[in-house]
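I opened this notebook to keep track of what I looked up.

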Amino acid sequence: MKTRKGLPGGQYKPLTDDAIIKIHKTVLRVFNEVGIDVRLAEARELFRNAGAKVDETTNTVKIPPGLVEELIGKAPSDITLYGRAKKGVLDCEIGGNKVYMGTGGTALNVQDPGSDDSRRASLKDIKNMARLVEILDNIHFYMINVYPNEIPAEDVDVNRFGTALKYTRKHIMGGVYTIEGIRNVIKMASAIAGSPQKLKERPFISMVTCVVSPLKLDEHYSQFTIEAARNGIPVVVPAEPLCGATSPVTLAGNLVVLNVDTLAGVMLAQLANPGAPTLYGSVASSADLLSLKYLSGSVEMGLLNAAAAQMAQFYRLPYYATAGMSDSKVNDSQAGYESAITNLMVALAGGNFIHDAAGFLEFCMTASYDKMVIDNEIIGMVMRAVEGIRVNDETLAFDLIKEAGPGGHFVASRHTRRHMRTEQHLAQLSDRADRPGWQAEGAKDTKARATEKVLEILGSPPRSFIPESIREHLKKEIPGIIDL
């Protein structure tokens, strides 16, 4: 089966060129006239030394337009998020309009295979989710998607990353929770890479910090951003403005807040380490104005993250996007159509690193094993749409049409055999049998077939991708490691 990844998107453009410029100009006005709340003294000092205006009584930092553009310009336009396989087959080249799709994080709950209920997530779920990601071809990276509730807070970072690194070779991104945890994760990854320098040259881990929308860089996440950037670890500082709650209700107003927030994170990373690999990040969505709940499956989320792809391309920044989640509690039709619509919109817009694209239900609170497999199928179809239609002499097939003539057929032609596995998406989960054939196989619906696939993968012996000698060394060097 052909695995489609890194294909160019950009076919879908919800913003006109004029709209992009208007948003950008408004963003510059917010930075210059409103400013951002920067809670970390070290971060304020970095902005002050670069030429920003800092009010220490309010922690407000106002940044003139020229400085905004100068600092954004220091960030690389393209970065490679490496996997650990030969010939780079698992690498993700992030930038421009290249599209990659994968899991997201961090859910507190898990839905077991075949279940409609949820339970608290554990470290074992990180192991099993990583094993699924390793096998499911259309999931291009593993963003660690659950939080191990039973692990002490000070040991969460090293155990999340360590377990993920053990059970998949695909690129691993994760949120981080403590400075010491970040340092231990980098120490662990450096040992696996062979040295800190080798990890910087081929980073197979990356980290997520946060901005607090609207317009606030808090103390802890600013520390985390600086630490990752100074160590050369790719970092994304995503923003999550919600229409009508933490941003204006209008989508255009949300995009202004989103841009200010995530660009503030990009600038902080560049001030800490000019040229640090940094991603522009969006988790923008809408709020249910009756309950003020975060909505993960709304069409507005798709619109916002597709538009943000255009803004990231305008700034020439690699883009961490959000799509593919559902507000449904179970794997039903709602889960399917919400995930498919937003995944398709953001991928066709050229979102680079589309996280949350596989496995999430219930407002991003629950990671579902079955939905991982279902979304693997959806992503395969989405990436086929991104690929588009190849038109050349070979695909136009005039000579073949002429040879077959009126009333002819193409079933037995070499041309059909040559292109059948690449021209069409080959379904792995969808049922395409007739009714008698479907009934003979047990009349299983999509969820039942997904459950079977999950149990098949997890029923095989687990494989470790960290050599035993390194595992033993790290257990002695870093306290708190459980599964390595």
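Predicted model: local features only at pLDDT ≥ 70, side-chain atom pairs only at ≥ 80, totals over all residues.

**Entry 1**

In which helix does N254 lie? I found N254 in helix α9, residues 251–272. Helices here are DSSP runs of H or I with at least four residues, strands are runs of E with at least two, and both are numbered from the N terminus.

Residues are numbered from 1 along each chain as its sequence is written, and side-chain values use heavy atoms, with hydrogens and water left out.

Is N254 buried or exposed? N254 is buried, at a relative accessible area of 0%. Buried means under 20% relative accessible area, exposed means over 50%, and partly exposed lies in between (1.4 Å probe, protein chains only).

I then listed what N254 touches, leaving out residues up to four places away in sequence. The list holds P241, L242, C243, S247, P248, A284, S285 and L304. Contact means heavy atoms within 4.5 Å.

**Entry 2: salt bridges**

How many salt bridges does the structure hold? I noted 24. A salt bridge is a side-chain nitrogen of Lys or Arg within 4 Å of a carboxyl oxygen of Asp or Glu.

I looked up R39 and D37, whose side chains meet at 2.9 Å, N to O. R39 is partly exposed at 38%, and D37 is buried at 17%.

Next came D91 and R202, which form a salt bridge at 3.8 Å, N to O. This pair links distant parts of the chain, 111 residues apart. D91 sits in the loop between β5 (79–81) and β6 (92–94), and R202 in the loop between α7 (196–201) and β12 (205–208). D91 counts as buried at 11%, whereas R202 is partly exposed at 39%.

I also checked K447 and D116, whose side chains meet in a salt bridge at 2.3 Å, N to O. They too come from distant parts of the chain, 331 residues apart. K447 belongs to helix α17 (residues 446–458), and D116 to the loop between β8 (109–111) and β9 (119–120). K447 is buried at 15%; D116 is partly exposed at 45%.

One network went into my notes as well: R44, E45, R48 and E56 are joined by salt bridges that share partners.

**Entry 3: the sheet**

In what order do the nine strands of the open sheet run? I read β1-β7-β20-β19-β16-β14-β12-β11-β10, with mixed pairing. The edge strands, each pairing on one side only, are β1 (7–8) and β10 (142–143). Two strands pair if DSSP finds at least two bridges between them.

I followed β11 (residues 172–175), which runs parallel to β12 and is joined to it by four bridges. Within this pair, G174 stands opposite M207 in β12.

**Entry 4: two helices**

At what angle do α4 and α5 cross? The axes of α4 (residues 123–135) and α5 (residues 156–167) cross at roughly 35° and come within 8 Å. Axes are lines fitted to C-alpha atoms, for helices over the stretch in contact, and angles run from 0 to 180 degrees between N-to-C directions.

I listed the contact: L123, I126, K127, A130, R131 and E134 in α4 meet N159, R160, T163, A164 and Y167 in α5.
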